[in-house]
Amino acid sequence: MSDGRRPRPPALARRLLECVAPRAMREALVGDLEEAFYADVLPARGAMRARAWYWRETIRVAVMRLPFVEGEDDVVSTGDSSMQLLAADLRFAVRMLARRPGFSLLAILTLAVGIGATTAIFSVLDPMLFRALPYPDAGRILTVWERDHDGSESNVGFATFTDIARDNKSLVAVAAIGSWQTVMTSTAEPERLEGERVSYGYFDVLGVQPVLGRAFRADEDAPNAPRVVVLSDGLWRRRFGGDPSLVGKPVTLGGNPYTVIGVMAKSFENVLGPRTQMWTPLRYDASLAWACRTCRHLRAVGRLKPAVDAASARRELDQLSANLIRAYPNDYPASGFALVPVRDWMTRAVRPALLAVFGAVALLLVIACANVTSLLLARAAQRESEFAVRIALGAGHRRVLRQLLTESVLLAAVGGAAGFALAYAGLVLLVRLGPADLPRLDAITVDARVLAFAIVVTALAGIASGLAPALHVARGDLQSSIRRAGHRTGGSTRTRSMLVVGEMALALVLLVGTGLLLRSLGRLLGVNPGVDPNHLLTMEVQVSGAKYRNDTAVRAFFDDALRAVRAIPGVDRAGLASQLPLGGNFDSYGVHIELKPNANPELDPSAMRYAVSADYLETMRIPVKRGRSLTAQDAAGAPEVLVINETFARHMWPGDDPIGKRVRVGAPDKGAWFTIVGIAGDVQHVSLDAARADQMYIPEAQWRFADDALTLVVRTRGDPAEMASAVRSAVWSVDKDQAITSVATMEKVLAASTARRRFLLMLFELFAVVALALAAAGTYGVLSGSVAQRAREIGIRAALGATRGDILRLVVRQGVGLAVAGIAIGTAAALALSRAIAGLLFGVTATDPLTFAAVATILLAVALAACAVPAWRAARLDPVVALRSET
Amino acid sequence: MGSTLGEFEQLVLLALVRLGDDAYGVTVRRELEKRAARSVSLATVYTTLARLEAKGLVDTRVGEPTPQRGGRRKKHYVIVPAGRRALRDTLRTLRRMTSGLDAVWDA
């Protein structure tokens, strides 16, 4: 490969070296580098590394500010310090920028948009992806999961957790976490609170202690121990006015007395459950039915011992898992535990989208820099005679180079400051518009890290956009340009054309990403959710207190509440269900089919359980495809029945009729046999883009326990939002002490489920529009510059008989040529890059031809529009004036 | 003058002495790499040479261009008597300080 062409020192580096080396040393230094390159470095290290060496040497010469005897090289040869030189450069730069306010403002705004957008996005990403979690040695905290039969992670059962906690040697501390929704009644009005039941060592795992009082003791984490609670700072302030003497006092939660033993610090962030307002010990009663090995409803988190790494902990836990499977072969669907670092677990769902946004904003920044480079090039071309004169008067090349870089860095600094302000304002907007389920949304701030990031980006942008123009000027043989009176600037036009092609290409990549996301959202909104969201009001009702200790009382309350709601004028139908589609809750049970026993019942299917009242399916307008719906006659004591969805029917009884078949739900060996009486349509439960899942509807009255929280769904004749207070009053007319939460129309619930996607799309759209505008401005700038330069040529053509149409075509052809080149390169780049967002797409492939074609068309149209004014100007050029102006 | 020589300055001056007529950037760097087992950048060599020139310890003359250097001329460096004196003083001091220590290090 190398025999044809022998490797050479990098040309760009040599050019740079010639600029930065002091004149007195230039020849010797460049010659020495070249000789050493061929004689010493190339034979010893090979072409690649020799070129890298050459670059390093060049950079060293540039930054070292060699204390050479300067001689005639500098304008100021009186021994001015570099600080004085810098001050002089800065003064001059300010004057130059002020002299052309239009140009300066445009460049500053462009940089401000690029730097501001990048900084704003960085400040959103930083707490999620980069900044350490707010715990000591947070990298050693891992979430622990069992594995499902398909290898996916699943919650942990208490028995399994106890075995891990007892037998492992890798973790300093490990804690289980259970959900805890309860109602606080000791103060003012009842309020439903989000809490967590945790093992006593939970705060030790996190490495955090309460700021007031203390954390849990081991003896408090036992079934009959006195109830204690630790409050979050927010709850403590909101409900108790930040009373410092609260510790030791009682509160009533869910009708039970608790003692407050501690308050967490304001700075404490519970990343494992961001909405959690209080914690109580797990107090797990291992004798109860739900303590079974297969009842997986806890999360677990552990902290690695100092000397242990995650890999060896994983190996140890896999060994533990193998032992457990040997001991309980029917209780585990798959082997092994999953250990996932907390941050990975927290950001897994949003990481690809966040990185895509960061990539998009980086593209935007590059486009902005390219645009400013192009502006500076045009400006430098105008100023060529100025530089030529300065050099003729004795300014060194290095001096001119430095002057130009000072100007571009100054531009970037002003742009960066404006961008930082923009980022700050944008951030407020981002946090407000951002979906509420983004992790660590509250930790997003503009802090020193963000400032440092903005400064680095600004410096890079300043140098990146200023280097090419500065080299152009400093390298160009300017002496000759005095003679040419600064008219022909072929080199810089070529560079600017290349920049425009690059901008077009990058804008196309962004547009393709946006187009693909847009089409995905369109497809997603076209998905049938399985329910009719119009005129549908939903809310969660939770019972608590001493009188609801038994299931009969709970069921009586809900029956009465439902009856009261149905009696409201304007209410068409109403029903209750244990979980709401797209409502963010999830509950599923193993289903064991009669006469189809599996050797390991853990491998039997599991289906989402909806414990529902009569009329629920009708209220939601979930169609019953075969058989019958559930009615009030399917009460306690009546034959147990259930309705399954179509996917479940296809999945378990392919080509067979499931109606009349019997199944057990939960335990395989005890409980009632439910007879399948109907098949309902599929409902999207987790999200619109989730795969169809197995679902079943069981009469609430026939389920083995009464859920203490149910979702009330109400089909209204008018606007459902207006009915909310009437429905609430109806529920409270039965018992005014019960908590009602999550009041929302089904349309809102549906919209919230696509909030992340719409947010992502909004950001992409914003960036794409700005990128497109910048690319159009770049095209316009190059074409109008080119028309001005070619005025004489155009004048001659016109004088020789070219029509206006000919000249119009001439300019448009140039613009279209740039656009086509940009589209070609951009399409190739987009084909390679769009795969990066494949995971964010829905119902459309990353290489969707329609999107690519549409985007190319848009870009071409924008380029044509950008041609219009310069082309029109060229066509109107008076040949006489053009020719005379050139003499 | 009484100016003391830094360690790297000593090495560069010694290289000049060894190289005689053939001392310029490339050969000085090569000599340091070969004898002192130091990988140094040309920029560093030149910085030091410039400092030595400013101190009046070395002199320069412009040499011949060679094709290997893209036709560029060399800048040769030679040590002047003041430089020899400064180097000799420094080395003498070093020798006095180290004499008799070999036994200690070998033990």
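In the predicted model, the contact between the two chains draws 22 residues from chain A and 21 residues from chain B. On the side of chain B that touches chain A, the elements giving two or more residues are α2 (25-35), α3 (42-54) and β2 (73-79) of chain B. Of these, α3(B) provides the largest share, eight residues. By residue class, the side of chain B that touches chain A comprises nine charged, seven nonpolar and five polar residues.

Chain B itself contains five helices and two strands, arranged along the sequence in the pattern α-α-α-β-β-α-α. Its C-alpha atoms occupy a box of roughly 55 × 30 × 20 Å along the principal axes. Of the 107 residues in chain B, 31% are buried. Among the contacts in chain B with a separation of 6 or more, 47% join residues 24 or more positions apart.

In soluble globular proteins, nonpolar side chains tend to be buried together. The largest nonpolar core of the model has 154 residues. The members that touch the most other members are A:Leu364, A:Met504, A:Ala507, A:Leu508, A:Phe767 and A:Ala771. Helix α11 (residues 351-382) of chain A contributes the largest share of this core, 19 residues.

A:Ala599 provides an example of an exposed position. This residue lies in the loop between β15 (588-593) and β16 (606-612) of chain A. A:Ala599 is classed as exposed because 8 other C-beta atoms lie within 10 Å, where the class requires 12 or fewer. The C-alpha atom of A:Ala599 is separated by 35 Å from that of A:Ala349, a residue 250 positions away along the chain.

How values were computed. Residues are numbered from 1 along each chain as its sequence is written. Chains are lettered from A and ligands numbered from 1 in the order in which they are written. This is a predicted model: local features need pLDDT of at least 70, side-chain atom pairs count only at pLDDT 80 or more; totals for chains, interfaces and linings use all residues. Two residues are in contact if their C-beta atoms, placed from the backbone, lie within 7 Å. Helices (H or I, at least four residues) and strands (E, at least two) are DSSP runs, numbered from the N terminus. Ala, Val, Leu, Ile, Met, Phe, Trp, Tyr, Cys and Pro count as nonpolar, Asp, Glu, Lys and Arg as charged, and the others, Gly among them, as polar. A residue is buried if 20 or more other C-beta atoms lie within 10 Å of its own, exposed if 12 or fewer, and partly exposed in between; C-beta atoms are placed from the backbone. A nonpolar core is a set of buried Ala, Val, Leu, Ile, Met, Phe, Trp, Tyr and Cys residues joined through C-beta atoms within 7 Å.
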